[in-house]
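Hi everyone, thanks for making time.

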Amino acid sequence: ARRPPPLAALSQVLRLEPKRRADVVFPLEKLARSLAPGADSARFRLFQPDLAALRSAEALFRSGRRHVIDYVSSAVRLDHAPPSQLPEVCFIGRSNVGKSSLIRALFSLSPEVEVRVSKTPGHTKKMNFFKVGKHFTLVDMPGYGYRAPKDFVEMVEAYLQERHNLKRTFLLVDGVVGLQKTDHIAVEMLEEFGIPYVMVLTKIDRASRGVLLKNVLEIQQFVKEKTQGCFPQLFLVSSLEFSGVHLLRCFVAHVTGNLPAVEAS
């Protein structure tokens, strides 16, 4: 099996010096240090799990003999989807936002899990279901915008409205370019259906600190003024450097009811 990349495991992150370690686990905190003095940073630290919570979340993403993580099936229509017994989370975003790469990073401690990452944007044409033991299911949705499947809207709308075990939708936004017109359409859809969701900014390793801070502040303002169903804290991730991946694993464990001890303070 492939070896997990550096920093995929918390044990590797804990070997870093404390400031660097904190930056990898809480990339938003690192950004908060660049805020103007006196700026309100409450939205930067709503979900702050401790080390024990991060560890239990990581265990969920590490497959073993008694805890199998597996690709289950793909579906182009909701009635082809696997039965909905477990709590579920889904990941949606524009076609080239790095969705499959992020899912691969989340599952990087279980290298046998096949997450296909395509060289061509817009390659995910189906809903792909991954079962995480007896705990939850994670769904990789087709990308919207560029080269989206023609029945994307029907497929995704039906899924969002009728999948009763869906606990949270993760809306991925490119950290370099910020919210695009197609992202606004996705937000409107989630808001209209009253679906609880959270925004994840991807590719943060490719954005300068200034650009990233500008995008974060603009999106936070947008979330505060224009949304009802969006979690007020953004999540920042780099699938390459693993910044924010450990925290995101923990949030997934939390929203699927697998971390009863962690409360978003």
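So, how many cavities of 30 Å³ or more does the structure hold? There is one, and please keep in mind that this is a predicted model. The largest cavity has a volume of about 30 Å³. Its lining is made up of Phe26, Leu28, Glu29, Phe44, Phe47, Gln48, Gln233 and Leu247. Sorted by class, that gives five nonpolar residues, two polar ones and one charged one.

Now to the packing. The largest nonpolar core has 47 residues, and the ones touching the most other members are Phe91, Leu102, Phe107, Leu138, Phe170, Phe235 and Leu248. Which helix gives this core its largest share? That would be α9, residues 245–255, with eight residues.

Let's zoom in on Phe235. Leaving out residues up to four places away in sequence, Phe235 touches Phe47, Val198, Met199, Val200, Leu201, Leu247, Leu248 and Phe251.

Last stop, Lys134. You'll find Lys134 in the loop that links β3 (127–132) to β4 (136–140). Is Lys134 buried or exposed? Its relative accessibility is 70%, so Lys134 counts as exposed; the cut-off for that is over 50%. As for Gln85, its C-alpha lies 9.5 Å from that of Lys134, although 49 residues separate the two in sequence.

How values were computed. Residues are numbered from 1 along each chain as its sequence is written. This is a predicted model: local features need pLDDT of at least 70, side-chain atom pairs count only at pLDDT 80 or more; totals for chains, interfaces and linings use all residues. Side-chain values use heavy atoms; hydrogens and water are left out. A nonpolar core is a set of buried Ala, Val, Leu, Ile, Met, Phe, Trp, Tyr and Cys residues joined through side-chain atoms within 4.5 Å. Buried means under 20% relative accessible area, exposed over 50%, partly exposed in between (1.4 Å probe, protein chains only). Helices (H or I, at least four residues) and strands (E, at least two) are DSSP runs, numbered from the N terminus. Contact means heavy atoms within 4.5 Å. On a 1 Å grid over the protein atoms alone, a cavity is a set of points where a 1.4 Å probe fits but cannot get out, and a pocket is an open set with protein on both sides within 12 Å along at least five of seven lines; lining residues have an atom within 4 Å of a point. Grid points are joined across faces, edges and corners, and a volume is the space filled by probe spheres set on the points. Ala, Val, Leu, Ile, Met, Phe, Trp, Tyr, Cys and Pro count as nonpolar, Asp, Glu, Lys and Arg as charged, and the others, Gly among them, as polar.
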